[in-house]
Amino acid sequence: MKKTMYLILMGCVFFVMSCVSTSVTRMSINKYPATDPESIVVYLDEKDIPGEYEKIALLHTKGNYQWTNESDMMKDAKKKAAKLGATGILLEEIKEPGGTSKVLNSVFGMSADRKSEIIAIRIKQ
């Protein structure tokens, strides 16, 4: 019984630690219909965006560096952006945790998150 409870608890801990969370700060008062997350285009530089666009929201993503990767973060950001009607996201930066944070995470279980700042955009027609 104890072993089963331990395995369930460890599974829950793993699940929570492996999640990416994205917070949304709206930048536009305009509301748009949702788009398909698969159709969201990722831009690495503003000059790559074709034509005029509107900044819809600022997205901050984070996830434990051991259990998430940049792909997980982009996938979650695309989902949030699509709900807002975005057609693209502009990747501002991705920050990896420093060496000290990684050591503290390994030894004491303290947080060591990978973080990104992304802008959800809608290209004007």
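Me: What is a nonpolar core?
Reply: The term covers buried residues of the types Ala, Val, Leu, Ile, Met, Phe, Trp, Tyr and Cys. To belong to one set, they must be joined through side-chain atoms within 4.5 Å.

Me: Which residues have the most contacts inside the largest nonpolar core?
Reply: The model is predicted. Its largest nonpolar core has 14 residues. Those with the most contacts inside this core are Leu59, Ala81, Ile89 and Ile118.

Me: Which element gives the most to this core?
Reply: Two or more residues come from each of β3 (53-64), α2 (70-83), β4 (88-95) and β5 (113-123). With four residues, the element that gives the most is α2.

Me: What pattern do the helices and strands follow along the sequence?
Reply: The protein chain has three helices and five strands. Read along the sequence, their pattern is α-β-β-β-α-β-α-β.

Me: How many of the contacts between residues at least 6 apart join residues at least 24 apart?
Reply: The protein chain has 125 residues, of which 31% count as buried. For contacts between residues at least 6 apart in sequence, the share that joins residues at least 24 apart is 84%.

Me: What span should α2 have, and how far apart are its end C-alpha atoms?
Reply: The helix has 14 residues, and at 1.5 Å a residue it should span 20 Å. The distance between its end C-alpha atoms agrees with this, at 20 Å.

Me: Which residues of α2 are buried?
Reply: In soluble globular proteins, nonpolar side chains tend to be buried together. The buried set in α2 also holds an aspartate, Asp76.

Me: Which residue with a positive phi follows α2?
Reply: The phi of this residue is near 90 degrees. The residue is glycine 85.

Me: Is threonine 22 buried or exposed?
Reply: Threonine 22 is in strand β1 (residues 21-26). Buried means under 20% relative accessible area. The relative accessibility of threonine 22 is 11%, so this residue counts as buried.

Me: With which side chain does the side chain of threonine 22 make a polar contact?
Reply: Leaving aside residues up to four places away in sequence, threonine 22 touches Leu59, His60, Thr61, Asp76, Ala77 and Lys80. The polar contact, at 2.4 Å, is with the side chain of aspartate 76.

Notes:
Residues are numbered from 1 along each chain as its sequence is written. This is a predicted model: local features need pLDDT of at least 70, side-chain atom pairs count only at pLDDT 80 or more; totals for chains, interfaces and linings use all residues. Side-chain values use heavy atoms; hydrogens and water are left out. Buried means under 20% relative accessible area, exposed over 50%, partly exposed in between (1.4 Å probe, protein chains only). A polar contact is a pair of N or O atoms within 3.5 Å; within protein, one must be able to donate a hydrogen and the other to accept it, and residues adjacent in sequence count only if both atoms are side-chain atoms. Contact means heavy atoms within 4.5 Å. The expected span of a helix is 1.5 Å times one less than its number of residues.
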